[in-house]
Every structure is written in C-alpha cells, then in structure tokens.
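I opened the coordinates today to look up a handful of local features. The entries below follow the order in which I went through them.

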Amino acid sequence: MGNDKQNAFKRIMAIRGMGQVITVAFGLIVLCIVFGIINPTFFSSKNIGNLLRQIAPILIIGIGQSYVLITGNIDLSIGSVVGMSCMISATLMTKGVNPLVAVFITIICCLIVGVLNGELVAKCKLPPFIATLGTMTIARGIAQIVNNNYNTDSIGDGAKVFRNFFYYGKTMGLYNTIWIAIVLWIVFNFILSKTRTGRHIYAIGSNIEASKLSGVNTSVTTIKVYVVSAICACTVGLVTTATSGMGTMDAGNSYEMYAVAASVIGGVSTLGGQGILLGTVIGASIWGVLQNGLQFAGAPVAIRNIIIGIIVVVSVLLDVVVRTGKPRKSRVN
C-alpha cells in the first residue's frame with residue numbers, strides 16, 4: 001500500500017511543470033493567509049464569489065496564452081482581440097441583431113485573427129512578436145472603427161439573456177462566468193494532456209526541427225494554438241460586454257500582460273515545451289488574489305501593477321535559470 005502511494009506520488013511529480021505548480025500553489029496559500037490576517041473580510045463569502053469571478057477571465061485568456069507559449073511562441077494580440085470581440089458584439093446588439101447571431105459573427109471574426117496569427121508565424125515565418133504585434137494593432141483598429149470611434153450605447157434589455165449567461169447569472173451557486181472558465185479549462189486541458197494534438201504542441205516547443213522529422217505538421221499545430229488563443233480572447237470579450245452592458249474601445253487593454261502573468265507564474269515556460277494548465281489556474285489565482293488582497297490593504301493601483309510586474313519578471317528569470325543553468329546572454333552575430 002505504501003509503495004503504491006509512493007509510486008503514485010512519483011508519477012504525479014514526473015509530470016513536466018508539476019514541481020513549480022506545487023511551489024506556486026504553496027505561495028498562493030501563503031498569500032491568502034496573509035491577506036486574511038490583514039483584513040478578515042477577505043474570506044467572506046461575498047468576496048470569495050467576486051474573487052472567483054475576477055479570476056475567471058484571467059484564467060480563460062491564460063489558457064490561450066499557455067497554449068501558445070508551450071509551442072515557444074507568444075500572442076501579443078490577445079488583449080486587442082478581447083476589445084474587438086467586445087466592440088463587435090456590442091455594436092451588433094445595439095443595431096438590433098439577435099444576441100445569438102451577434103455572438104456567432106463575433107466568434108468568426110476572432111477566429112480569423114487567430115488563423116492569421118498562425119499563418120504569419122508558421123507559414124510566413126514571421127517572428128511571433130512581430131506578427132502578433134501587427135495583428136494586435138489591426139484588431140484594436142477594428143475595435144475602434146466598428147462603431148465609428150465611439151463606445152456603444154447600452155445593449156439594452158433585449159440582451160438580458162446574453163448578460164445573464166456570460167456574467168450575472170448563477171448555476172448551482174456559482175456565477176456563470178466561473179462555469180465558463182471551468183468548462184473551457186476542462187476541454188483544453190483534455191486536449192493538451194490526452195490527445196495527439198497536445199503531444200504535438202509540446203513537441204514543437206521542445207524541438208521544432210525534431211518534430212518535423214517525426215512527422216508532426218508544425219504549421220497546422222501552430223495555427224491551432226493561435227486559434228485556441230483567439231477563442232479564449234473572444235470569450236473574455238463577450239464576458240466584458242455582458243459585464244458592462246456596452247462596448248468599450250479600450251476593453252482588453254493590458255490583458256496580454258495578464259495572460260502571460262497567469263501562464264508564467266503557473267510554470268508555463270517562455271522557452272517552450274513545458275507547463276500544464278493546472279499551473280495556469282494557480283497563476284491566474286495568484287494574480288486575482290494579489291489584485292483583490294492589495295485592494296483590501298489599500299495599496300494604489302500603481303503599486304499593484306508594479307508588484308505583479310516584478311513577479312512576472314522573476315518567474316521568467318527563474319524559468320530561464322532552471323532550464324539553461326544560467327541567465328540567457330545576448331548573442332552577438
């Protein structure tokens with residue numbers, strides 16, 4: 001019996017990235033205890049519900065960014081796609097379009113951006129930083145132009161079902177936003193950990209040339225991860241529309257940083273080939289707890305951002321040191 005438990009523990013610890021997940025999970029527990037001591041209302045049922053609803057969108061975009069990072073790439077357009085999704089869906093609904101149709105059209109538009117990102121990186125061989133920087137600007141431009149450079153009016157009572165589904169409604173005591181994040185996590189975690197596509201994603205991040213020699217279609221797999229990122233960003237955009245009841249052109253600003261933070265804090269390597277979505281849950285939770293706890297502690301927004309920025313930099317630095325044995329040095333050609 002004891003040997004079975006030891007073997008099970010060894011199998012769990014053998015999962016790549018699990019060590020860091022356990023470490024950051026311990027850090028999350030410590031943070032919760034500290035903020036609970038500073039202000040006991042941190043653990044109130046009302047605050048826990050709001051905290052989970054605050055974490056959900058960060059987890060969703062973190063899932064998309066994790067997929068991309070595991071292949072050794074990055075998606076800087078994710079925040080702008082959130083804004084584009086928000087503005088397109090809200091504009092359509094204010095023009096009288098059925099919310100279901102508006103959601104469908106919004107998803108198609110966001111998928112196009114995801115496919116374009118994948119094509120530029122995989123087939124046109126553009127560096128992912130440059131490719132997604134370009135599509136980031138394009139998507140933000142679309143968000144601005146779709147309603148003639150104005151935020152939209154209220155989406156109205158006709159979209160009440162839409163708003164309840166994506167934000168205000170509850171199912172079994174949890175806000176629907178949380179359920180959406182849970183469902184997306186289950187689906188994408190299954191794909192990443194249990195399917196051939198998931199194995200190909202890790203293989204590309206570990207060694208893209210070896211992957212090609214092994215018969216992996218690296219172009220198609222890269223396009224797939226950017227499509228996943230676009231789906232996640234689109235979903236967060238719809239949640240944002242439901243939250244505010246209108247479209248705002250600056251929706252999603254800085255969300256690319258939040259997505260990277262959730263991923264790398266949770267152990268997803270920026271060097272590719274390593275990380276699990278369980279870590280993204282912990283990373284998103286740490287982000288949410290820091291924002292919420294520091295707010296309870298009376299810390300200004302600027303201080304919150306500085307602290308989270310430092311944590312992201314330290315997380316990436318630790319990953320580089322662990323993976324390479326020393327900090328990376330710039331190579332001079």
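**Salt bridges**

I started with Glu119, which is partly exposed, because its relative accessible area of 27% falls between the limits of 20% and 50%. I note here that the model is predicted.

I then asked which residue forms a salt bridge with Glu119. The partner is Lys123, and the closest N and O atoms of the pair are 3.8 Å apart. That distance counts because the rule asks for a side-chain nitrogen of Lys or Arg within 4 Å of a carboxyl oxygen of Asp or Glu.

How many salt bridges does the rule give? I get a count of two. The other entry is Glu209 with Lys212, where the closest N and O atoms are 3.9 Å apart. I placed both Glu209 and Lys212 in helix α10, residues 208-213. They sit three residues apart, about one turn of the helix.

I also checked the accessibility of this pair. Glu209 has a relative accessibility of 48%, so I list Glu209 as partly exposed. Lys212 is partly exposed too, with a relative accessible area of 38%.

**Nonpolar surface patch**

Next I looked up which residues form a nonpolar patch on the surface. I wrote down Val101, Phe104, Ile105, Ile108 and Ile112. Together they have about 450 Å² of accessible area.

I took Phe104 for a closer look and found this residue in helix α5, which covers residues 99-122. Is Phe104 buried or exposed? Phe104 is exposed, because its relative accessible area of 55% is over the 50% limit.

**Largest pocket**

I turned to the largest pocket and noted about 390 Å³ of space in it. The lining is made of 16 residues. Which of them lie nearest the centre? I listed Pro57, Ile58, Thr240, Tyr255 and Trp287.

I then sorted the lining by helix. α3 (45-70), α11 (218-244) and α12 (255-265) each supply at least two residues. The helix that gives the most to the lining is α3, with four residues. By residue type, I divided the lining of the largest pocket into nine nonpolar, five polar and two charged.

I looked up backbone angles in two loops. Asn149 has a positive phi of about 60° although this residue is not a glycine. I located Asn149 in the loop between α6 (128-145) and α7.

Ser254 is also not a glycine, and I noted a positive phi of about 75° for it. Ser254 belongs to the loop between α11 and α12. I list Ser254 as partly exposed because its relative accessible area is 36%.

**Buried residues and C-alpha distances**

Thr135 lies in helix α6. Its relative accessible area is 3%, which means that Thr135 is buried.

Phe166 lies in helix α7, residues 160-168. I list Phe166 as buried, because its relative accessible area of 9% is under 20%. From Phe166 to Gly215 I noted 40 Å, C-alpha to C-alpha, for a separation of 49 residues in sequence.

Leu294 lies in helix α13, residues 277-296. Leu294 counts as buried because its relative accessibility is 11%. The C-alpha atoms of Leu294 and Thr270 are separated by 27 Å, and the two residues are 24 apart along the chain.

Methods:
Residues are numbered from 1 along each chain as its sequence is written. This is a predicted model: local features need pLDDT of at least 70, side-chain atom pairs count only at pLDDT 80 or more; totals for chains, interfaces and linings use all residues. Side-chain values use heavy atoms; hydrogens and water are left out. Patches are made of residues with over 30% relative accessible area and no salt bridge: like charges are joined within 9 Å, nonpolar side chains (Val, Leu, Ile, Met, Phe, Trp, Tyr) within 5 Å. Accessible areas come from the Shrake-Rupley method with a 1.4 Å probe; for residues, only the protein chains shown count as cover. Buried means under 20% relative accessible area, exposed over 50%, partly exposed in between (1.4 Å probe, protein chains only). On a 1 Å grid over the protein atoms alone, a cavity is a set of points where a 1.4 Å probe fits but cannot get out, and a pocket is an open set with protein on both sides within 12 Å along at least five of seven lines; lining residues have an atom within 4 Å of a point. Grid points are joined across faces, edges and corners, and a volume is the space filled by probe spheres set on the points. Ala, Val, Leu, Ile, Met, Phe, Trp, Tyr, Cys and Pro count as nonpolar, Asp, Glu, Lys and Arg as charged, and the others, Gly among them, as polar.
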